[in-house]
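Subject: Structure handover

Hi,

Here is the model I said I would pass on.

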Amino acid sequence: MNRRLFLTKLAAAVGTMAAAKVMAQPHHMEKMSSGHGMGNMSRHDMGNMPMGGMHNGNLLPESALPKNLPLPDLKKLLNTNDKPGYFSASLTAKPVRVQLTPQVETEFWAYNDQIPGPAIEVFEGDTVEILFKNELPQPTTVHWHGLPVPPDQDGNPQDEVAPGASRVYKFTLPEGCAGTYWYHPHGHNTVAEQAFRGLAGVFIVKPKQDQLSHIPVQNWLISDLKLSEDGQIAPNSMMDWMNGREGQFVLINGASHPEITLNQATRARLWNACSGRYLNLSLNDADIYLIGTDGGLLEQPYKLTTLLLTPGERAEILVVPKKSGTQSLQALAYDRGKMGCTTEEVTRSLASIKLKESSLPELPQKLASLPNIGKASAVKTLEYTETMDMGKGMSGMNFLINGKKHDPKRIDLTSKVGEVEEWEIFNNSHMDHNFHLHGTQFTVVSYQLNGQSRLPEYIGHKDTINLKPNERVRIKLVQQHKGLRMYHCHILEHETLGMMGQLNVI
């Protein structure tokens, strides 16, 4: 379906729904809030659900949560093994009630009763063994986002852990994979709900010799939260399913608009753990250098004016305050082409940053050495498209790759272990989508938009990348493990509605 026809049908559908004032029925709302609704339904069932109407009802005002409190630290997961090079721990996913304010207590789904989940910190070469217990009312998995782990340990949708069950995830991290990763659920049809209910945590792999160890480090996990007026997590609305969920609260390390203190040049690790929100970050009165992408450090720092992080992306930056004072960490307005009757994009203040004038610290001549994986001997092409069949609700809205919705029983592509491949992803749609590939990091070869080609501004290890409408991106990669890998848009609602494929590595 071409863009004009798609938007015409969408506008008609939106107008019809808005006029009818479609709202969720009480029994549907009860199912959603109890955790037994969307996750156990087929896409056909989802299509027949009102899903909270076009927009959620009344939401809790942003003023309800306290602001300008000190940035919380991310509590670490304790290593219970004293054997060198071995990390053992337990991780439990279950409902937990959190007192957000004296007036508001909210049920989240959490890892080890923590929002965000505990931070896992290990070293290159370590063996990691995690006993995972599922105490949720839905099946779930733990996906180690970006990590080079074997497919059978990567929390694929086919490897769900049933409610009340447990399993052990075990893998050894290769040398050279130091970077900023994270973990989150990846169950079949449940990932969107489980993520917006709170399930996410950071996973940091450190080098055995860190050339930047003299620079202080802060971790900023950015997520958002949508609360209904009673303080409970709101179900997805129709607009959330179309565009990707965005809550009225944007949190850093679980805090609303915290106060962050930078008394000197600081290395900050950033995660976009939002379901659908794009973060176009800006900070005045400081020089910002990109020093690392999803899978590790760049060879040289790259000076930024803004940093765009799409859902699932990470970055490491060096923040050098140019003058003392207080500034706002901002998410600048970014138009990603949302569908339907959406509000105008606005700039948001995410945190108050207290800066102390500092100088650029001494840096090594080369931050890291990026391997040249050689010339590609295989080519793959992917195309993102969207369709909508009026009258079928959510089941008629399709986010597709190569004209197909995700089918867990279908293999879409096949690759060979160790073979260098070049993939071309074409976003043949009206809105931004991003692309995430499991199991390996890739490098960007080129971009093409409106007939104009350009090279990347810097080269780094990536596993998630954005595509603007009608943009083509070429990437180069190698898979090192046999088995099933997933690739998908990391706007979680779009992934759930079909924008995902399966790669078999032989």
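E7 and E8 run antiparallel and are joined by 5 bridges; helices (H or I, at least four residues) and strands (E, at least two) are DSSP runs, numbered from the N terminus. I call two strands paired if DSSP finds at least two bridges between them. Within E8, Gly201 is the bridge partner of Tyr183. Strand E3 (residues 120–123) is joined to E8 as well, in parallel, through 4 bridges, and here Glu121 stands opposite Ile204. Of the 6 residues of strand E8 (residues 201–206), 5 are buried, so the strand is largely enclosed by the rest of the structure. Buried means under 20% relative accessible area, exposed over 50%, and partly exposed in between (1.4 Å probe, protein chains only).

Two housekeeping points. This is a predicted model, in which local features need pLDDT of at least 70 and side-chain atom pairs count only at pLDDT 80 or more, while totals for chains, interfaces and linings use all residues. Residues are numbered from 1 along each chain as its sequence is written, and side-chain values use heavy atoms, with hydrogens and water left out.

**The chain as a whole**

The chain has 6 helices and 31 strands. It runs to 506 residues, of which 57% count as buried. Its accessible surface is about 20,300 Å², with 49% belonging to carbon and sulfur atoms (Shrake-Rupley method, 1.4 Å probe; for residues, only the protein chains shown count as cover). Taking contacts with a separation of 6 or more, 78% are between residues 24 or more positions apart, where contact means heavy atoms within 4.5 Å.

**Cores**

The largest nonpolar core has 37 residues, and Leu382, Trp423, Ile425, Phe435, Ile475 and Tyr487 touch the most other members. Helix H5 (residues 238–243) gives the most to this core, namely 4 residues. By nonpolar core I mean a set of buried Ala, Val, Leu, Ile, Met, Phe, Trp, Tyr and Cys residues joined through side-chain atoms within 4.5 Å. What does Ile475 touch, leaving aside residues up to four places away in sequence? Its list includes Trp423, Ile425, Phe435 and Phe442, along with Glu421 and Glu422. There is also a second, separate core of 28 residues, with Trp220, Leu283, Leu309 and Ile317 among them.

**Strand E22**

How many of the residues of strand E22 (residues 397–401) are buried? The count is 5 of 5, so this strand is largely enclosed by the rest of the structure. Met397, Phe399 and Ile401 cover one side, Asn398 and Leu400 the other, and all are buried. Its partner, strand E21 (residues 378–388), pairs with E22 in the antiparallel sense over 5 bridges, and Thr387 stands opposite Asn398.

On a 1 Å grid over the protein atoms alone, a cavity is a set of points where a 1.4 Å probe fits but cannot get out, and a pocket is an open set with protein on both sides within 12 Å along at least five of seven lines; lining residues have an atom within 4 Å of a point. Grid points are joined across faces, edges and corners, and a volume is the space filled by probe spheres set on the points.

The whole structure has 5 cavities of 30 Å³ or more. The largest holds about 260 Å³ and is lined by 21 residues, with Ala195, Gly198, Ser223, Asp224 and Ala273 nearest its centre. E9 supplies the largest share of that lining, 4 residues.

The largest pocket comes to about 1,000 Å³. Of its 44 lining residues, Gly176, Cys177, Gly295, Pro371 and His461 lie nearest the centre. E26 gives the largest share of the lining, 4 residues.

**Arg197**

Arg197 counts as buried, at 4% relative accessibility. Its C-alpha atom is separated by 6.8 Å from that of Ile233, 36 residues apart along the chain.

Cheers
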